[in-house]
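Dear colleague,

I am handing over the structure that you asked to look at, and below it you will find an account of what turned up when I went through it. Please keep the sequence and the 3D view open while you read.

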Amino acid sequence: LAKEAGKNCYHLFDPESDRKAQGHRQQLERLRLALQQGEFVLHYQPKVDLGDGRLFGVEALIRWQDPQRGLIAPGEFLPYIESVGTLERALGEWVLDTALAQLEQWLGSGLQVDMSVNISAHQLMHDDFADSLDRLLCRYPAIPRARLELEILETAAIADMPRAIVVMQRCARLGVRFALDDFGTGYSSLTYLRKLPVDTLKIDQSFVRDMLVDPDDRAIVDGVIRLAAAFNRHVIAEGVETLEHGQALQRLGCRLAQGYGIARPMPAEHLPVWLRDWQERAAWRQLAAQP
Ligand code: C2E
Ligand code: MG
Ligand code: MG
Ligand code: MG
């Protein structure tokens with residue numbers, strides 16, 4: 001009993017965890033303010049078809065433009081945001097709205113691309129998700145709905161698979177498409193994979209990165225590519241950092257690719273300049289010319 005009490009006291013008065021909790025609250029306040037003041041920005045990373053070199057889509061990736069510290073990566077602030085449901089939904093809606101506005105502009109200017117948006121597990125599972133997506137899409141009547149792809153972490157989808165199936169099917173009926181992100185890290189059962197309305201498997205970048213040196217990773221990449229083919233799904237490799245990765249992927253039958261070797265995520269206004277450069281990158285173009 002004494003030990004129990006001692007333990008409780010320790011937790012109650014631990015200055016260390018008290019400081020941590022306070023730091024957490026302060027950070028959350030700062031992030032709420034950041035959302036109000038428009039300090040979040042989306043960068044866009046191209047997705048290309050190595051078979052013909054075509055830019056077919058972009059993935060929207062959030063950053064925080066902190067006036068003091070500069071551009072901050074999502075890994076540093078999303079965990080805070082995701083600890084508060086209301087904040088997470090508010091930011092999630094801002095991301096979708098901003099990405100759709102950008103897509104509308106690109107489509108209007110003749111750039112035919114798809115837009116991929118990352119959706120967190122909480123966000124997807126919230127009761128109102130499909131309805132609020134529907135309302136949002138109605139504000140962008142010029143956008144063909146199949147141009148929007150929602151990226152869901154494989155691990156998120158399998159955490160509550162029955163619910164994921166229901167929500168994703170509702171969204172799919174709205175016309176949007178789904179990709180399973182970081183695929184290969186969550187051990188999806190094949191039964192479920194068959195039931196999920198998913199168009200695309202995104203091979204996790206950890207497997208892609210090491211596929212040239214690690215036979216196990218190469219086997220996983222190969223396996224996901226075959227799995228996608230067997231289930232009649234598209235497959236895209238993320239984390240394509242070099243031309244050699246591109247070559248190896250194409251040999252294994254994966255034409256769609258995204259990664260630093262092709263382009264880093266960039267502000268929307270840089271995309272036309274990147275596209276011109278990309279069309280002149282001879283080595284990657286030769287890759288496209290290969291059978
Ligand atoms: P993700 O969706 O798997 O996105 C891929 C991440 O890998 C991005 O990091 C991207 O910048 C990075 N990346 C792309 N190509 C390469 C490469 O060749 N090599 C390496 N080493 N990295 C590459 P980022 O932007 O820091 O985003 C990290 C994660 O944060 C994302 O992983 C996604 O899960 C999450 N995230 C980003 N934006 C959003 C958002 O708007 N909403 C939600 N819910 N999550 C987001
Ligand atoms: Mg993603
Ligand atoms: Mg990923
Ligand atoms: Mg990831």
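**The largest pocket**

At least two residues of the lining of the largest pocket come from each of β2, α3 (74–81), α4 (85–108), β4, α5 (121–125), β5 and β6 (177–183), where helices (H or I, at least four residues) and strands (E, at least two) are DSSP runs numbered from the N terminus. Please bear in mind that this is a predicted model, in which local features need pLDDT of at least 70 and side-chain atom pairs count only at pLDDT 80 or more, while totals for chains, interfaces and linings use all residues. Residues are numbered from 1 along each chain as its sequence is written, chains are lettered from A and ligands numbered from 1 in the order in which they are written, and side-chain values use heavy atoms, with hydrogens and water left out.

The largest pocket holds about 930 Å³ of space, a volume being the space filled by probe spheres set on grid points that are joined across faces, edges and corners. A pocket here is an open set of points on a 1 Å grid over the protein atoms alone, where a 1.4 Å probe fits and protein lies on both sides within 12 Å along at least five of seven lines, and lining residues have an atom within 4 Å of a point. Of the 35 lining residues, Glu59, Leu61, Pro74, Leu78 and Asn118 are the closest to the centre of the pocket. Strand β2 gives the most to this lining, with five residues.

Distant parts of the chain are linked here, with Asn118 in strand β4 (residues 114–119) and Glu151 in strand β5 (residues 148–153), 33 residues apart.

Asp181 is buried, at a relative accessible area of 5%, and Glu151 is buried at 1%, whereas Asn118 is partly exposed at 29% and Asp182 is partly exposed at 24%. Buried means under 20% relative accessible area, exposed over 50%, and partly exposed in between (1.4 Å probe, protein chains only).

**Strand β1 and its partners**

Nine of the ten residues of strand β1 (residues 40–49) are buried. This strand pairs with β2 (residues 55–66) in the antiparallel sense over nine bridges, and two strands count as paired if DSSP finds at least two bridges between them. Phe40 stands opposite Trp64 in β2, and in the hairpin of β1 and β2, which has five residues between the strands, Gly53 takes a positive phi near 80°. Strand β1 also runs antiparallel to β9 (residues 256–257), joined by two bridges, with Asp49 opposite Leu256.
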